[in-house]
Amino acid sequence: MGPYENAWQGALARIAHAAQAVGRSPGDVSLLAVSKTFPAAAVRAVYAMGQQEFGENYVQDAAQKRAELGDLPGLSFVLIGPLQSNKTKLAAETFDRVESVDRLKIAERLSAARPADRPPLELLVQVNISGEVTKSGVRPDAAVSLAEEVARLPRTVLRGFMGIAEPTEDVALQRSQFARLRHCLEDARAAGLAVDMVSMGMSDDLEAAIAEGATEVRIGSAIFGPRHREKGLAQ
Ligand SMILES: *Cc1c(COP(=O)(O)O)cnc(C)c1O
(Lines give C-alpha, C1' and ligand atoms only; values in the text may rest on other atoms or scores of the structure.)
Protein backbone atom coordinates (compact mmCIF):
# COMPACT_ATOMS: atom_id res chain seq x y z
CA MET A 1 0.00 0.00 0.00
CA GLY A 2 1.33 3.44 -0.97
CA PRO A 3 1.87 6.28 1.53
CA TYR A 4 -1.38 8.13 0.70
CA GLU A 5 -3.73 5.22 0.18
CA ASN A 6 -5.32 5.12 3.63
CA ALA A 7 -5.78 8.87 3.68
CA TRP A 8 -7.24 9.01 0.16
CA GLN A 9 -9.66 6.16 0.90
CA GLY A 10 -10.51 7.89 4.16
CA ALA A 11 -11.36 11.13 2.35
CA LEU A 12 -13.64 9.26 -0.06
CA ALA A 13 -15.33 7.53 2.87
CA ARG A 14 -15.88 10.86 4.65
CA ILE A 15 -17.47 12.30 1.50
CA ALA A 16 -19.74 9.28 1.07
CA HIS A 17 -20.75 9.35 4.71
CA ALA A 18 -21.47 13.08 4.68
CA ALA A 19 -23.54 12.74 1.50
CA GLN A 20 -25.57 9.84 2.83
CA ALA A 21 -26.18 11.67 6.11
CA VAL A 22 -28.14 14.34 4.20
CA GLY A 23 -29.80 12.03 1.68
CA ARG A 24 -27.45 12.81 -1.20
CA SER A 25 -25.75 10.31 -3.45
CA PRO A 26 -21.97 9.99 -2.82
CA GLY A 27 -21.46 10.05 -6.58
CA ASP A 28 -22.80 13.61 -6.71
CA VAL A 29 -19.82 14.99 -4.80
CA SER A 30 -16.43 14.80 -6.46
CA LEU A 31 -13.06 14.96 -4.76
CA LEU A 32 -10.43 17.46 -5.85
CA ALA A 33 -7.12 16.32 -4.33
CA VAL A 34 -5.20 19.49 -3.41
CA SER A 35 -1.57 18.70 -4.15
CA LYS A 36 -0.13 22.23 -3.77
CA THR A 37 3.39 22.22 -2.31
CA PHE A 38 3.69 18.44 -2.80
CA PRO A 39 5.99 17.07 -5.52
CA ALA A 40 4.97 15.42 -8.80
CA ALA A 41 5.79 12.04 -7.26
CA ALA A 42 3.00 12.54 -4.71
CA VAL A 43 0.52 13.34 -7.50
CA ARG A 44 1.67 10.26 -9.37
CA ALA A 45 1.12 8.05 -6.31
CA VAL A 46 -2.43 9.29 -5.73
CA TYR A 47 -3.25 9.16 -9.44
CA ALA A 48 -2.22 5.50 -9.41
CA MET A 49 -5.09 4.78 -7.00
CA GLY A 50 -7.63 6.31 -9.38
CA GLN A 51 -7.64 10.03 -8.52
CA GLN A 52 -7.55 12.18 -11.68
CA GLU A 53 -8.24 15.77 -10.57
CA PHE A 54 -5.62 17.71 -8.60
CA GLY A 55 -5.85 21.22 -7.18
CA GLU A 56 -2.88 23.60 -7.29
CA ASN A 57 -2.34 27.15 -5.99
CA TYR A 58 0.84 28.26 -7.72
CA VAL A 59 0.83 28.55 -11.51
CA GLN A 60 4.52 28.11 -12.16
CA ASP A 61 4.91 25.24 -9.73
CA ALA A 62 1.91 23.48 -11.26
CA ALA A 63 3.24 23.95 -14.81
CA GLN A 64 6.49 22.27 -13.83
CA LYS A 65 4.71 19.38 -12.15
CA ARG A 66 2.40 18.90 -15.07
CA ALA A 67 5.37 18.68 -17.43
CA GLU A 68 6.77 15.87 -15.26
CA LEU A 69 3.44 14.02 -15.42
CA GLY A 70 2.81 14.21 -19.17
CA ASP A 71 2.60 10.41 -19.40
CA LEU A 72 -0.58 10.13 -17.25
CA PRO A 73 -3.73 9.95 -19.40
CA GLY A 74 -6.78 11.77 -18.08
CA LEU A 75 -4.80 13.72 -15.48
CA SER A 76 -6.53 17.01 -14.76
CA PHE A 77 -5.02 20.09 -13.07
CA VAL A 78 -7.23 22.70 -11.42
CA LEU A 79 -6.14 26.15 -10.25
CA ILE A 80 -7.66 27.12 -6.90
CA GLY A 81 -5.23 29.90 -5.88
CA PRO A 82 -5.33 33.58 -6.77
CA LEU A 83 -4.36 34.41 -10.34
CA GLN A 84 -2.51 37.55 -11.43
CA SER A 85 -2.93 38.82 -14.98
CA ASN A 86 0.75 38.27 -15.84
CA LYS A 87 0.26 34.52 -15.23
CA THR A 88 -2.91 34.04 -17.28
CA LYS A 89 -1.15 32.71 -20.39
CA LEU A 90 0.74 29.99 -18.51
CA ALA A 91 -2.43 29.21 -16.54
CA ALA A 92 -4.50 28.83 -19.73
CA GLU A 93 -1.90 26.36 -21.01
CA THR A 94 -1.48 24.42 -17.77
CA PHE A 95 -4.95 23.91 -16.30
CA ASP A 96 -8.18 22.16 -17.23
CA ARG A 97 -10.20 24.34 -14.87
CA VAL A 98 -9.60 27.62 -13.01
CA GLU A 99 -11.77 28.06 -9.91
CA SER A 100 -10.45 31.43 -8.75
CA VAL A 101 -11.94 33.83 -11.31
CA ASP A 102 -12.86 36.99 -9.42
CA ARG A 103 -12.88 39.59 -12.21
CA LEU A 104 -13.81 39.72 -15.86
CA LYS A 105 -10.37 40.79 -17.04
CA ILE A 106 -8.79 37.56 -15.79
CA ALA A 107 -11.43 35.44 -17.51
CA GLU A 108 -10.99 37.41 -20.76
CA ARG A 109 -7.26 36.85 -20.70
CA LEU A 110 -7.68 33.13 -19.99
CA SER A 111 -10.11 32.80 -22.89
CA ALA A 112 -7.78 34.68 -25.24
CA ALA A 113 -4.79 32.55 -24.23
CA ARG A 114 -6.44 29.14 -24.28
CA PRO A 115 -4.57 27.04 -26.89
CA ALA A 116 -6.73 26.18 -29.91
CA ASP A 117 -5.87 22.47 -29.70
CA ARG A 118 -7.25 22.11 -26.16
CA PRO A 119 -10.91 21.88 -25.10
CA PRO A 120 -12.38 25.11 -23.69
CA LEU A 121 -11.00 25.98 -20.24
CA GLU A 122 -13.55 25.40 -17.45
CA LEU A 123 -14.08 28.34 -15.09
CA LEU A 124 -15.63 28.91 -11.70
CA VAL A 125 -16.34 32.34 -10.28
CA GLN A 126 -14.84 32.65 -6.80
CA VAL A 127 -17.21 34.23 -4.30
CA ASN A 128 -16.19 35.73 -0.95
CA ILE A 129 -18.74 33.88 1.18
CA SER A 130 -17.11 34.64 4.53
CA GLY A 131 -17.10 38.42 4.11
CA GLU A 132 -13.54 38.58 5.48
CA VAL A 133 -11.71 41.49 3.85
CA THR A 134 -8.55 39.42 3.44
CA LYS A 135 -10.28 36.79 1.31
CA SER A 136 -10.46 36.87 -2.48
CA GLY A 137 -13.62 36.51 -4.48
CA VAL A 138 -16.48 38.74 -5.58
CA ARG A 139 -19.23 39.74 -3.19
CA PRO A 140 -22.16 37.33 -3.29
CA ASP A 141 -24.44 40.06 -4.69
CA ALA A 142 -22.06 40.60 -7.64
CA ALA A 143 -21.49 36.90 -8.45
CA VAL A 144 -24.29 36.31 -10.95
CA SER A 145 -23.58 39.39 -13.06
CA LEU A 146 -19.89 38.44 -13.29
CA ALA A 147 -20.95 34.89 -14.15
CA GLU A 148 -23.16 36.19 -16.97
CA GLU A 149 -20.25 38.11 -18.49
CA VAL A 150 -17.82 35.19 -18.08
CA ALA A 151 -20.32 32.81 -19.69
CA ARG A 152 -20.13 34.79 -22.97
CA LEU A 153 -16.40 34.25 -23.53
CA PRO A 154 -15.52 31.99 -26.47
CA ARG A 155 -12.68 29.74 -25.28
CA THR A 156 -13.90 29.06 -21.75
CA VAL A 157 -16.94 27.31 -20.22
CA LEU A 158 -18.49 28.62 -17.03
CA ARG A 159 -19.23 25.69 -14.70
CA GLY A 160 -20.29 27.43 -11.46
CA PHE A 161 -18.90 28.91 -8.25
CA MET A 162 -16.13 28.35 -5.70
CA GLY A 163 -15.95 29.59 -2.12
CA ILE A 164 -13.97 29.26 1.12
CA ALA A 165 -15.68 29.47 4.50
CA GLU A 166 -13.91 31.19 7.35
CA PRO A 167 -11.96 28.84 9.62
CA THR A 168 -14.28 28.12 12.54
CA GLU A 169 -15.57 25.13 14.44
CA ASP A 170 -19.05 26.65 14.52
CA VAL A 171 -20.89 24.36 12.12
CA ALA A 172 -23.93 26.63 11.91
CA LEU A 173 -21.67 29.48 10.78
CA GLN A 174 -19.94 27.24 8.24
CA ARG A 175 -23.30 26.19 6.88
CA SER A 176 -24.64 29.72 6.59
CA GLN A 177 -21.57 30.73 4.57
CA PHE A 178 -21.77 27.68 2.32
CA ALA A 179 -25.48 28.34 1.78
CA ARG A 180 -24.50 31.67 0.16
CA LEU A 181 -22.61 29.80 -2.53
CA ARG A 182 -25.50 27.44 -3.19
CA HIS A 183 -27.72 30.50 -3.60
CA CYS A 184 -25.32 31.84 -6.23
CA LEU A 185 -25.82 28.64 -8.21
CA GLU A 186 -29.59 28.82 -7.84
CA ASP A 187 -29.69 32.50 -8.84
CA ALA A 188 -27.43 31.87 -11.83
CA ARG A 189 -29.68 29.05 -13.01
CA ALA A 190 -32.72 31.26 -12.56
CA ALA A 191 -30.94 33.79 -14.78
CA GLY A 192 -30.61 31.13 -17.47
CA LEU A 193 -26.98 30.06 -17.01
CA ALA A 194 -26.16 26.36 -17.48
CA VAL A 195 -24.02 26.00 -14.35
CA ASP A 196 -23.62 22.76 -12.40
CA MET A 197 -20.67 23.10 -10.00
CA VAL A 198 -20.40 24.33 -6.43
CA SER A 199 -16.85 23.85 -5.18
CA MET A 200 -16.75 24.25 -1.40
CA GLY A 201 -15.50 22.39 1.65
CA MET A 202 -11.93 21.48 2.63
CA SER A 203 -10.34 19.02 5.08
CA ASP A 204 -11.88 20.69 8.13
CA ASP A 205 -15.37 21.59 6.92
CA LEU A 206 -16.36 19.22 4.12
CA GLU A 207 -19.35 17.79 6.00
CA ALA A 208 -21.02 21.21 6.33
CA ALA A 209 -20.28 21.97 2.67
CA ILE A 210 -21.82 18.71 1.49
CA ALA A 211 -24.89 19.35 3.63
CA GLU A 212 -25.28 22.68 1.81
CA GLY A 213 -24.96 21.22 -1.67
CA ALA A 214 -21.26 21.07 -2.58
CA THR A 215 -20.68 19.18 -5.84
CA GLU A 216 -16.90 19.24 -5.31
CA VAL A 217 -14.82 19.33 -2.14
CA ARG A 218 -11.15 20.35 -2.20
CA ILE A 219 -9.08 18.20 0.15
CA GLY A 220 -5.38 18.75 0.74
CA SER A 221 -3.91 18.02 4.15
CA ALA A 222 -6.34 15.18 4.92
CA ILE A 223 -4.82 13.31 1.96
CA PHE A 224 -1.23 14.54 1.65
CA GLY A 225 -0.52 15.50 5.27
CA PRO A 226 0.63 18.87 6.60
CA ARG A 227 2.20 21.36 4.19
CA HIS A 228 5.68 22.67 4.89
CA ARG A 229 7.02 24.51 1.90
CA GLU A 230 4.27 27.00 1.09
CA LYS A 231 6.46 29.98 1.99
CA GLY A 232 8.65 31.26 -0.78
CA LEU A 233 6.71 29.66 -3.61
CA ALA A 234 6.00 32.07 -6.42
CA GLN A 235 2.37 32.51 -7.36
C1 LIG B 1 -5.12 24.68 0.24
C2 LIG B 1 -6.52 24.82 -0.22
C3 LIG B 1 -7.46 23.78 -0.02
C4 LIG B 1 -7.13 22.51 0.74
O5 LIG B 1 -7.06 22.80 2.10
P6 LIG B 1 -6.87 21.62 3.20
O7 LIG B 1 -7.28 22.28 4.46
O8 LIG B 1 -5.47 21.22 3.14
O9 LIG B 1 -7.81 20.53 2.82
C10 LIG B 1 -8.72 23.96 -0.54
N11 LIG B 1 -9.07 25.08 -1.21
C12 LIG B 1 -8.21 26.10 -1.41
C13 LIG B 1 -8.66 27.31 -2.15
C14 LIG B 1 -6.92 26.00 -0.91
O15 LIG B 1 -6.07 27.03 -1.10
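Modeller: Lys and Arg count as positive here, Asp and Glu as negative. This is a predicted model. The protein has 27 positive and 30 negative charges, and their mean positions are 4 Å apart.

Colleague: What makes Glu 207 and Arg 14 a salt bridge?

Modeller: The cut-off is a side-chain nitrogen within 4 Å of a carboxyl oxygen. Glu 207 and Arg 14 meet at 2.9 Å, N to O. So the pair qualifies as a salt bridge. Glu 207 lies in helix α8 and Arg 14 in helix α1, so the pair ties together parts 193 residues apart in sequence.

Colleague: Why is Glu 207 called partly exposed?

Modeller: Buried means under 20% relative accessible area, and exposed means over 50%. Glu 207 has 34%, so the term is partly exposed. Arg 14, with 28%, is partly exposed too.

Colleague: Why are Glu 93 and Lys 89 said to be separated by about one helical turn?

Modeller: Because they are 4 residues apart in helix α4, residues 88–94.

Colleague: Why does Lys 89 count as exposed?

Modeller: The limit for exposed is over 50%. Lys 89 has 53% relative accessibility, so Lys 89 counts as exposed. Glu 93, at 31%, counts as partly exposed.

Colleague: How do you know that the radius of gyration agrees with a compact globule?

Modeller: With 235 residues, such a globule would have a radius near 18 Å. The protein has 17 Å, which agrees.

Notes
Residues numbered from 1 in each chain as written. Predicted model: local features only at pLDDT ≥ 70, side-chain atom pairs only at ≥ 80, totals over all residues. Heavy atoms only, no water. Rg over C-alpha atoms; globule rule 2.2 N^0.38 Å. Charge placed at Lys NZ, Arg CZ, Asp CG, Glu CD. Helix = DSSP H or I, 4+ residues; strand = E, 2+ residues; numbered from the N terminus. Buried < 20%, exposed > 50% of the residue type's maximum accessible area, 1.4 Å probe, protein only.
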